[in-house]
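Trainee: Before we turn to the details, may I see the structure that we are to discuss?

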Amino acid sequence: MGTTDDRTGQRIVPETTRRADRHPGNRYGNRPTMKDVAARAGVGLKTVSRVVNGEPGVTPDTERRVQEAIDALGFRRNDSARVLRKGRTASIGLVLEDLADPFYGPLSRAVEEVARSHGALLINGSSAEDPERERELALALCARRVDGLVVIPAGDDHRYLEPEIRAGVATVFVDRPAGRIDADVVLSDNFGGARDGVAHLIAHGHRRIGFIGDMPRIHTAAERLRGYRAAMEDAGIPVEDRWMSLGVTSPERVRRAAQEMLSGPDPVTAVFTGNNRVTVTVVRVLFEQSRQVALVGFDDFELADLLRPGVTVVAQDAAALGRTAAERLFRQLDGGLVAPERIELPTRLITRGSGELPPAG
């Protein structure tokens, strides 16, 4: 028999038989120890330690009894204590902007793969673009004795990490540089990629080109705006203030910005979008328009190639960013690096149709 939770509709059936031979008392927080294994196997603590750590000096019969006790009790070695004795915790922290952002999926996976190849565990969390939350998360990871940090910064002052770095915590920033400290950073060529994307629109006859980006205090947004301005200046095209809009990437804000640029007697004929979240909203707005408007977006996104026309993008390699940052981190940990460096990875223009549309009319 069981009970039903009125809130969720889930049927709850108590498990009474599976705990018969377990430790009595509280079900949680009572993990078996090497002392428990030693008592059950009838051997000394040192003998259990030798078996657990694969050390010689134990007879096959004794090893079998210890292993049977380990299996019966569900004992697992405490790697935290073991690696602390060696001065390394075999774990690194990753501070992301937003775990739900698809851009960070391949980046996080690449960091994890490098960590795994070095026998380390990855622990990650999201700052939600909040500098104070970033600080709390980074310091919480340091308090848990991670060996290193890979940080996508939300703030612009990282002096709070200086004591941790001096104490030996390897630190690499990725996607955006650190603020007010010297540290390794791995970036995409945000300026060059944006300049190439806007130049592509200009080459297809556009002169009234709008730019919709993220908040201007963010390094990537500022660099992409700078690339937009540079391309327009190189072509001798004066930029009107109403063609530029930076702010939060919420669909409501982006929609308003796009609609304003596309209205009036002299609307823009093309739009350059500063990241994939902005691009998706602008695609929806353009779908509602009766006029033909060209579009190039910074960052690729899923299904961009299946739209009609496909969306032309400036693609950055998120996996390469994560992999390069993680490899840099482990080189620090191995003592192979001295001075911090700034590494900039190239972007790639992928033409699919939307960026090649000529000006309407």
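The questions and answers below concern the packing and the sheet of this predicted model.

Trainee: Which element supplies the largest share of the largest nonpolar core?

Mentor: The largest nonpolar core has 41 residues, and V198, I209 and F272 are among those with the most contacts inside it. Elements that each supply at least two residues of this core include α8 (190-203), β8 (209-213), α9 (219-234) and α11 (276-288). The largest share, 5 residues, comes from α11.

Trainee: Is α2 roughly parallel or roughly perpendicular to α3?

Mentor: Helix α2 (residues 45-52) and helix α3 (residues 60-73) pack with their axes 10 Å apart, at an angle of about 85°. Angles of 65 to 115 degrees count as roughly perpendicular. Therefore, the orientation of α2 to α3 is roughly perpendicular.

Trainee: Which strands are at the edges of the open sheet?

Mentor: The open sheet has 6 strands in the order β4-β3-β5-β6-β7-β13, with parallel pairing. Within it, β3 (residues 91-96) and β4 pair over 6 bridges. Each edge strand pairs on one side only, and these strands are β4 (121-126) and β13 (342-345).

Trainee: Which residue of β4 is the bridge partner of V95?

Mentor: The pairing of β3 (residues 91-96) with β4 is in the parallel sense. In β4, the bridge partner of V95 is G125.

How values were computed. Residues are numbered from 1 along each chain as its sequence is written. This is a predicted model: local features need pLDDT of at least 70, side-chain atom pairs count only at pLDDT 80 or more; totals for chains, interfaces and linings use all residues. Side-chain values use heavy atoms; hydrogens and water are left out. A nonpolar core is a set of buried Ala, Val, Leu, Ile, Met, Phe, Trp, Tyr and Cys residues joined through side-chain atoms within 4.5 Å. Buried means under 20% relative accessible area, exposed over 50%, partly exposed in between (1.4 Å probe, protein chains only). Helices (H or I, at least four residues) and strands (E, at least two) are DSSP runs, numbered from the N terminus. Axes are lines fitted to C-alpha atoms, for helices over the stretch in contact, and angles run from 0 to 180 degrees between N-to-C directions. Angles under 35 degrees count as roughly parallel, over 145 as roughly antiparallel, 65 to 115 as roughly perpendicular and the rest as oblique. Two strands pair if DSSP finds at least two bridges between them.
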